[in-house]
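Please look over the sequence and the 3D structure shown below.

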Amino acid sequence: MTTERVDALVIFGATGDLAKLETFPALVGLCERGVLDMPVIGVATGGWDLERFRDYARASLEHNGIPADGAGAEKLLGLLRYVDGDLTQDTTYQALDRELGDRGRVLYYLEVPPALFGRIARGIAAVGRADHARIMVEKPFGTDLKSARELNATMHEVFPEEAVFRVDHWLGLEQMENLMFARFANSVLEPLLDRDHVRSIQITMAEAFGVDDRGRFYDRTGAVRDVLQNHLLELLATVTADPPDGPGLAEWQDSRARVITALRPLDPADVLLGQYDGYLDVPGVAPGSRTETYVAARFHLDSWRWAGVPVLIRAGKRLPVSASEVWVTFHGPPRDIFGLGSSAGANTLRVQVRPESVLTLTLVGKRPGAGWQAQSEPLSFSERPEHDMRPYDRLIGAALDGQRWLFAPQDTVEAAWRAVDPALAPGLPVHTYAPGSWGPSQAADFPGAGETWHDPVPGT
Ligand SMILES: NC(=O)C1=CN([C@@H]2O[C@H](COP(=O)(O)OP(=O)(O)OC[C@H]3O[C@@H](n4cnc5c(N)ncnc54)[C@H](OP(=O)(O)O)[C@@H]3O)[C@@H](O)[C@H]2O)C=CC1
Ligand SMILES: O=C1O[C@H](COP(=O)(O)O)[C@@H](O)[C@H](O)[C@H]1O
């Protein structure tokens, strides 16, 4: 697969929720930066024509606070094309083939229910439009290890691995780039990130909102599949992966894959599941559903660099705040020569990735005056982006250019499922928790001896 630019972008499911919330605004960003200058063909089944599709795109931009008469928006609206048809029917691919005309290097973006992925791949191949193409696939990629392997096999019947771009939009976040950048642009952080210096790693993804209008989707998904298997393991990889070898970032995808492959499959005893009180009343949720809206898990990394370092990850809806962060706690000094005991406080590295991009290293100094008393002070780098790029702007732009390092390869996706599959075992208890709390009461003891949860505070 070359990094040659494509000459058409086809969006399957272009009239859906993801297109409205994320795709059209991202495409405007790409137009404004002069990256998008090829036809953008939407495909859906609603009986629409091009004008109705343009109106939908216009409404999406306005919904996202982007004026539809700006230069980027006008350019995008001019590039739009539309093919109406059911993706289970051959005639839809024939109509797409006609619309593509002599354009031969296509990026296909699948924003449709995953059950359609295989049918779409075969439909594209049947009209001879798979060669020299790339295909972007939305998460969730499979629902467990077995289904992910089957899906990979289906995709590979038509597209080679290097043509498949599996999306995890957190990999497109400015905050994730900042974290990777800070690790490798400073010389003082990287040597500290290993088992000799780090006592434990915690990751918290807290969301104050609930499942709201996504009940049908979420009830079949749950927190493990929705965010633990993808966003949170990629965040863990961004903190723990070895620096990329070779020039540039091409090897960064492989570095992340190695660390995710090193994750030991979860022991069900190291998993705590919860469901917020009131979840069962959300429209679309099955009566008596046991789907988890909270998960806490203790991972172990079987790698030389990280052997023996406990990794705690938790995620939940209807928690007290919306904030996500990594908390790295370092070992104390080998000798307590000032007699500080536990009052010294540990050195920590805290990386907030939601809502702000903040890195904070905590140092311990001496409290002024007689005797030896410790005082902890934060050293912070807080990124306040003036020209923040939307994650999908970054991701679609990378796929248009054939840059793969922002995407998840097959081995990473399968390794992530292998690690979390035991948390999906039927019969694990699901404990109720009060909305606005930090999860089920059992969560307090979950970290184990000498460890407590570090609750994120948004924007600090
Ligand atoms: N919504 C979000 O924020 C996120 C979504 N995703 C993933 O993106 C994908 C799409 O999600 P979302 O946009 O929410 O889903 P929606 O249900 O809102 O949209 C689905 C789209 O697929 C089209 N479609 C469905 N079946 C067919 C068919 N047989 N033939 C032609 N078109 C069809 C629909 O067209 P029509 O309406 O005309 O039938 C619609 O455009 C899913 O895999 C989801 O998991 C991932 C991250 C976030
Ligand atoms: O993919 C998803 O991610 C969001 C969190 O992403 P963010 O960019 O809003 O931080 C999560 O709320 C959602 O449940 C999940 O499907």
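## Ligand 2

The shell around ligand 2 divides into one nonpolar residue, no polar residue and three charged residues. Here Ala, Val, Leu, Ile, Met, Phe, Trp, Tyr, Cys and Pro count as nonpolar, Asp, Glu, Lys and Arg as charged, and the others, Gly among them, as polar. The residues that surround ligand 2 are Glu207, Asp226, Val227 and Arg354; a residue is near a molecule if its C-beta atom, placed from the backbone, lies within 6 Å of it.

## Model and numbering

This is a predicted model, in which local features need pLDDT of at least 70 and side-chain atom pairs count only at pLDDT 80 or more, while totals for chains, interfaces and linings use all residues. Residues are numbered from 1 along each chain as its sequence is written, and chains are lettered from A and ligands numbered from 1 in the order in which they are written.

## Two domains

The domain assignment gives domain 1 (8-138) and domain 2 (171-445); such bounds come from an automatic or database domain assignment. Taken over C-alpha atoms, the centres of domain 1 and domain 2 are 33 Å apart.

Across the boundary, 10 residues of domain 1 are in contact with nine residues of domain 2. Two residues are in contact if their C-beta atoms, placed from the backbone, lie within 7 Å. On the side of domain 1 that touches domain 2, helix H1 (17-32) and strand S5 (134-137) each supply at least two residues. H1 gives the most to this side, with six residues. Helices (H or I, at least four residues) and strands (E, at least two) are DSSP runs, numbered from the N terminus. The residues on this side of domain 1 divide into six nonpolar, two polar and two charged.

Which residues are closest to ligand 1? Of the 20 residues that surround ligand 1, the closest are Gly13, Gly16, Asp17, Leu18 and Gly46. H1 provides the largest share of this shell, three residues. By type, the shell around ligand 1 holds nine nonpolar, six polar and five charged residues.

An unreviewed UniProt entry lists residues under "binding site", including Gly16 and Asp86. UniProt positions are given in the numbering used here, feature names are shortened, and annotations may be inferred rather than shown by experiment. Gly16 lies in the loop between strand S1 (8-12) and H1. A residue is buried if 20 or more other C-beta atoms lie within 10 Å of its own, exposed if 12 or fewer, and partly exposed in between, with C-beta atoms placed from the backbone. Asp86 sits in the loop between strand S3 (80-84) and helix H4 (90-100).

His231 is buried, because 23 other C-beta atoms lie within 10 Å. Not counting residues up to four places away in sequence, His231 touches Asp168, Trp170 and Met205.
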